[in-house]
Amino acid sequence: MARNTVIFRETIHHHVERGWTLVVNEGKNVVPNQRLSDERISRGWSQAYVAKQIDAYAFMVHRWEHGQTFPGPRYRQKLLQLFNKSAEELGLVPRDTDNGVQDTPRGAMAALPHKATPGSVGLIEPLYDPVIPSSLIGPVGLVGREDLLQKLKERLYAGEHVVLSAINGLPGVGKTALAVELVHNREVRAYFRDGVLWAGLGPVPNVAGLLGRWGTLLGVTPDHRNIEGWQKAITTAIGERRMLLVIDDAWEIEHALAFRVGGPNCAHLITTRFPVIAHRFSQGETIEVHELDEDDGLRLLERLAPEAVRSEPEEARALVRSIGGLPLALNLIGKHLYIQSYSGQPRRLHMALQGLRSADQRLRLTQPQAPAFTSPGRPSDAPLSLQSVISVSDQRLGEAARSALRALSVFPAKPNTFSMEAALAVCNTPGETIATLIEAGLLEQSDADRYTLHQTIADYARLHHTGTDAEERMTAYYVSLVEAHELDYSILEQETTNVLAALQAAFELGMQAMLLRGANAFSHFLQTRGLFDIAGQQLKRAGHVARSGNDTSGLITTLLNLGRLAEKRGDNATAQACYLEGLLLARESGNSERQCDSLTYLGGIAVRRGELKQAAAYSQEALVLSEQSGYYKHSVTLMRSLGSSAFFQGNYADAEVYWQKALALARQQNHPERISALLENLGAIAVNRGDYEQAKEIYHEAITLARQIGQSERISSIFANLSEIALRQKDYAQVKEYVQKGLPIARQIGHLEIISLLLINLGEAEIGLEDYKQAGDYLEEGLELAQQVGHPWLICYALLAWGKLYFGLQRLELAATTFREALEMARDANEEQVGFALYCLAQVTFAQGNFEEARQQGKESLDIFNEIGHEKAKEVEEWLRSH
């Protein structure tokens, strides 16, 4: 008791020094300060905000507004300045009272009573439960819990029955540690001036014994020494006192409710791993305690093992990720690493970090615990480990729930989520079993119908998981889901991580049929999202399965998807080889549908390579086959390919007819990817006709659709087209803006053709700005990529830009040579580029003094542009008139 008296006197002295006003027997004649409250609310300020501005605490503002205390002179002055109001306007004019003390001088402290009675509420020898765990954090505080602590304080000061709960019910998230730091907080102790009681429950608490200990501390003896007797005696003893009652680690609601024995001025704080207990106890909103984010987790690890984080920061960050930011795990690991680093041998620390990559080692990592710090329900001599903490919850599950938990471990851990339907399919169990895991705090509900397992819980369950039934059910479920929703990008986006996990399980377990089906069905979505490496890995596995199993149909499908992937990467040679092999196999097996697929894709490759006659032949053969077999899957693609052939030949009218027909079909099919692609094609026609505003409208619709389905390739390609419009309008700043948006996307997905096109446009913008050095850097990379891709059109486009660069530098011979190279490449592939090459060459030839030859080249260029209806015809005509 002597120690508490000292604490009390120091606290009183500190409070008076800070200008606080003490009120004794504050429950009598209390008059709320409505003016102060109204002024604060009218400004939209919280009590915490006002307190921060005047260097006070939120509970002090609360008490001033409720008339429980009156601010001292220093705080009154600060309030007047903050609100810019008079003392009368804020209700801060001191008034006489019949009972209590206001503006208490220091000398009046001697008049305060020194012994608490059940009905008194003054700051009189506060009672702090001796079993309150000591703070292990020190003055630096908890990491990443500042906002949560402040929120808890505000709710405690509002007089609510507060519930502290890790809503996911996760063991080791730091519920008790947070409560410990809260009750040791100076501000909290100042508010709950009559003390703190603490009861650690656990799975099987001695309720009567714990209540009896509280009663003994309060100096009371009940008439009947049973639970009800102790409850009544404790409530009477507490009376009007302002105390905080902490109920730690509640496992049953009945046990928790037994300790709600505080009076009207008390608050109750409960920690529990069970969400249902938290909600029932609080009768309202609970406060969630989540695991630490990656940065805060690294901060905590650095505090515990600074040398480990300093010497191997990336390995340390990966370790934080592997345990999902769980504070208990970080403390165990941090202390282990600190011991390993103490010797000063880097190799020993490195080996320790490497060893912690194993989930088994992380779970079994132990730390001896002093009896005073042992969690309730756990033997006092048992070392602390993640395994032991989680196993307490696991052992209380029934056999069905325990089996379901192990089955759910096949899902990737948090932040990944899965649906209830998927959980039921994988566990092969009724919904009630899943509900049991949620109530036990082992399975989290992240959304209306989405669930997740924390990494550490998943690791624990996976170590105890046996057999492969769950993996097989998971694979079957997700392969069927992908096949049924191949174009439903929102569903596939949400399930991507789970689908990939299912395909990995199929690969590891040798489920060849499932792997072949799933990899091919999921390929289109992965390519649409620009996940080329992942798509390539899955298709490579599928190809191996098909070849080893002599599955011709599966191999053809895989070859076609591999070809599409190679095209998107700009590798036309590989794409063509895949399509040709697929066509050969389809012909040998008499599969007309796969023949049609192969021919359609080969036609598209031929167009890009400038082989327009060959492209037409492939497309016509595909059309005949589709008519004969009634297979119209690629009607849109075929018409798009035919339109592209017409476009490159300068026949914009025919191209527009093909593309409009294809667009109508794509809209009927509700196929956003094809709609977006065709809109981009039609935008190109508008650009060449000089109708830039129409082109921008078309591109806007196309890019909106592409963004909706996350089609990175299309988004970056449209930015390239928009930059071309800006280039033709000589708006070089706009060119740079579009390139800055599109280039990172194209680089991320590795689309060489689009990267090249964007760089060439950027180079031309620099030419227009006469920054030839910078232009040369961009064009050099652009041409190199164009040559890798092998598109004659793209190479010609790069050569034309290089010619303009040389012309700007007045290196006329080099410019003329470059334009002639571009002209030769364009002759059989692209009428528009022939016109451009001739016009550029005419300008160089004129500068060289060959006027007649220049005019002849200009006239030839004009004829081409007039014939194809190109907007450049006006500029060429004006040039000829002036030259």
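Me: Among the elements of the chain, which helix has the lowest mean pLDDT and which the highest?
Reply: This is a predicted model, where local features need pLDDT of at least 70, side-chain atom pairs count only at pLDDT 80 or more, and totals for chains, interfaces and linings use all residues. Residues are numbered from 1 along each chain as its sequence is written, and side-chain values use heavy atoms, with hydrogens and water left out. pLDDT is the predictor's confidence in each residue, from 0 to 100, and helices (H or I, at least four residues) and strands (E, at least two) are DSSP runs numbered from the N terminus. The lowest mean, 33, belongs to helix α1 (residues 2–17), and the highest, 97, to helix α24 (residues 469–484).

Me: How many contacts beyond four places in sequence does the model have for residues 1–28?
Reply: A contact means heavy atoms within 4.5 Å. Over residues 1–28 the pLDDT stays under 50, and the contacts number 56.

Me: Why is strand β3 largely enclosed by the rest of the structure?
Reply: Buried means under 20% relative accessible area, exposed over 50%, partly exposed in between (1.4 Å probe, protein chains only). Strand β3 covers residues 195–202, and it is largely enclosed because the buried residues among its eight number seven.

Me: Which residue in β4 is the bridge partner of Leu 197?
Reply: Two strands pair if DSSP finds at least two bridges between them. β3 and strand β4 (residues 244–250) run parallel, joined by six bridges. The partner of Leu 197 in β4 is Leu 245.
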